[in-house]
Amino acid sequence: MSTAKAKKAGRPVSTAKREAILAAATRAFFEHGYAATAIEHVAAEADVSKVTIYNQFGDKRGLFTAAVEAECERMRSAFAVQPSPSGTLRQRLTAIGEAMMAFLSRPEMVQFERRIAAETEHEPAIGAAFLAAGPHRMKAAFSGLLGVMKEAGEVEIDDIDLAVEQFASMCKGMGDLERRFGFPADPVRDRQRIDGAVEVFCRAYAVEECNRN
């Protein structure tokens, strides 16, 4: 069943039902991986019919994409562009770094990324769907925020997309890789990584020295 046909044929479900479907799907995808997740199981967990899921999401890949988008929404909220952003540049960058690390260091997210990486070897489209629904959307949101900062004269950045990648990489450091290979989280070191990333970013791009207060 195609997504287009599903949207045309299906009737909207209540917000509560949609949230129940996405919650059940997220648990299944995180715990069992994409390949091992069955629509029947998700439907049973959410107490809806398979037809309801197909009508709302089109197919399993559509459901997967929606589940990833819902999970990433938590982090994207930190990148919301407000007409009058509050706090200093340093404070706003720190909040973004903290949200990023809190999201990426969750044990279920680490496990999820491992499963997606393994399954992408057999079905590259799964990896593409994950990148589009999560990391690429978050990168675009952060780029948009930096664009507003640039227009406001707070930063001078020639390549905003590159600056986003640099900041994210500095915040993650080796911790992101270590967690994927079983190392325990190190909150103290993560704190140092975030603070260091903000310091380097400010020195490289801030028009004026970042306010430390």
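**Core and helix packing in a predicted model**

The largest nonpolar core of this predicted model has 55 residues, and those with the most contacts inside it are Ile53, Leu63, Phe64, Phe112, Leu146 and Phe167.

Visitor: Which residues is Phe64 in contact with, leaving aside its neighbours within four places in sequence?
Guide: They are Phe29, Tyr34, Phe112, Ile116, Ile126, Ala129 and Phe130.

Visitor: Why is Arg193 called buried?
Guide: Its relative accessible area is 16%, and the term applies under 20%; Arg193 is therefore buried. Arg193 is found in helix α12 and touches Met170, Cys171, Lys172, Gly173, Met174, Gly175 and Glu178, not counting residues up to four places away in sequence.

Visitor: What do the buried residues of α12 pack against?
Guide: They pack against α6 (89-104), α9, α10 and α11 (175-180). Among these buried residues are Asp190, Ile194, Val198, Phe201 and Tyr205.

Visitor: What span does helix α12 reach, and what is expected?
Guide: Helix α12 (residues 187-205) has 19 residues and reaches 27 Å from its first C-alpha to its last, close to the 27 Å expected at 1.5 Å a residue.

Visitor: How do α9 and α10 pack, and which residues meet?
Guide: Helix α9 (residues 135-151) and helix α10 (residues 160-172) pack at an angle of about 115°, with their axes 9 Å apart. The crossing is right-handed. Lys139, Phe142, Ser143, Leu146, Gly147 and Lys150 in α9 meet Ile160, Asp161, Ala163, Val164, Glu165 and Phe167 in α10.

Visitor: What classes of residue make up the contact of α9 with α10?
Guide: The contact has six nonpolar, two polar and four charged residues. Gly147 lies in this contact and is classed as polar because Gly counts among the polar residues.

Conventions
Residues are numbered from 1 along each chain as its sequence is written. This is a predicted model: local features need pLDDT of at least 70, side-chain atom pairs count only at pLDDT 80 or more; totals for chains, interfaces and linings use all residues. Side-chain values use heavy atoms; hydrogens and water are left out. Axes are lines fitted to C-alpha atoms, for helices over the stretch in contact, and angles run from 0 to 180 degrees between N-to-C directions. Helices (H or I, at least four residues) and strands (E, at least two) are DSSP runs, numbered from the N terminus. A crossing is left-handed if the near helix is turned anticlockwise from the far one by less than a right angle, and right-handed if clockwise. Contact means heavy atoms within 4.5 Å. A nonpolar core is a set of buried Ala, Val, Leu, Ile, Met, Phe, Trp, Tyr and Cys residues joined through side-chain atoms within 4.5 Å. Buried means under 20% relative accessible area, exposed over 50%, partly exposed in between (1.4 Å probe, protein chains only). The expected span of a helix is 1.5 Å times one less than its number of residues.
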